[in-house]
Amino acid sequence: MIWIAVSYNNQGQHARADSIFELINEHREALPLFDCFLLDYFIAFNSGNRAKAMQFLKKAEKLAPGNYYIKFFIGLIARGQNFPQLAVDNYTAFGYERMAENLRGFMSFWDLANALYMLGEYEEALDVIHLSRQH
């Protein structure tokens, strides 16, 4: 159900997403620890507390260090909080091709390109944009 709430959130239906997150949170004892951290991340992120959201992502990452979504979310927050190198490190940990295969979509490429641009890596940012068009 977490991903249903995320889908609503991504569509701009924040109140609907928040109500689902709240419902899940009321029954969190039934969730595995990883899902609790993921839920806490989304609740903190939606409330605007990016630092707290990052703390939950780091806890989730310890449980699942190879999880692509956690890497993506860490990169997303890092770039948004003006830590572009951390974002690049997270996005490139698996290589661009594997990132595209596992995250399916241009969002990770867009965010990686922005982080590279912030670092002054303009040519590499353009390469990432061109690569995103292939996926």
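Start with H1: what covers its buried residues includes H2 and H3. This is a predicted model, so local features need pLDDT of at least 70 and side-chain atom pairs count only at pLDDT 80 or more, while totals for chains, interfaces and linings use all residues. Residues are numbered from 1 along each chain as its sequence is written, and side-chain values use heavy atoms, with hydrogens and water left out. Helices are DSSP runs (H or I, at least four residues), numbered from the N terminus.

**Stop 1: H1**

Select Ile 2, Ala 5, Val 6 and Asn 9. These H1 residues are buried; that is, under 20% relative accessible area, where exposed is over 50% and partly exposed lies in between (1.4 Å probe, protein chains only). They sit on the same side of H1, because they cover an arc of only 105° around the axis. The arc is taken from the directions from the helix axis to the C-beta atoms.

Now step just past H1. Gly 12 has a positive phi of about 85°.

**Stop 2: the surface patch**

Show Met 1, Ile 4 and Leu 23. Together they form a nonpolar patch on the surface, with about 300 Å² of accessible area. Areas come from the Shrake-Rupley method with a 1.4 Å probe, and for residues only the protein chains shown count as cover. Patch residues have over 30% relative accessible area and no salt bridge; nonpolar side chains (Val, Leu, Ile, Met, Phe, Trp, Tyr) are joined within 5 Å, like charges within 9 Å. Leu 23 belongs to helix H2. Its relative accessible area is 38%, so Leu 23 is partly exposed.

**Stop 3: the core**

Which residues touch the most other members of the largest nonpolar core? Select Ile 2, Phe 21, Leu 38, Tyr 41 and Phe 42, out of 40 residues in that core. Such a core is a set of buried Ala, Val, Leu, Ile, Met, Phe, Trp, Tyr and Cys residues joined through side-chain atoms within 4.5 Å. Helices that each supply at least two of its residues include H1 (2–10), H4 (50–63) and H9 (122–133). H3 gives the largest share, 8 residues.

Zoom in on Tyr 41. Beyond its neighbours within four places in sequence, Tyr 41 is in contact (heavy atoms within 4.5 Å) with Ala 53, Phe 56, Leu 57, Phe 73 and Ile 77.

**Stop 4: salt bridges**

How many salt bridges are there? The count is 4, taking a side-chain nitrogen of Lys or Arg within 4 Å of a carboxyl oxygen of Asp or Glu.

- Arg 28 and Asp 40: the closest N and O atoms are 2.8 Å apart. Arg 28 lies in the loop between H2 and H3 and Asp 40 in H3, so the pair ties together parts 12 residues apart in sequence. Arg 28 is partly exposed at 25%, while Asp 40 is buried at 14%.
- Glu 61 and Lys 71: the N to O distance is 2.7 Å. The pair ties H4 to H5, 10 residues apart in sequence. Both Glu 61 and Lys 71 are buried.
- Arg 79 and Asp 111: the N to O distance is 2.4 Å. Arg 79 in H5 and Asp 111 in H8 are 32 residues apart. Arg 79 is buried at 19%, and Asp 111 is buried at 0%.

Shared partners join Lys 58, Glu 61 and Lys 71 into one network.

**Stop 5: Asn 82**

Finish in the loop between H5 and H6, at Asn 82. Most residues other than glycine have a negative phi. Asn 82 has a positive phi, near 70°. Asn 82 is exposed, at 54% relative accessibility.
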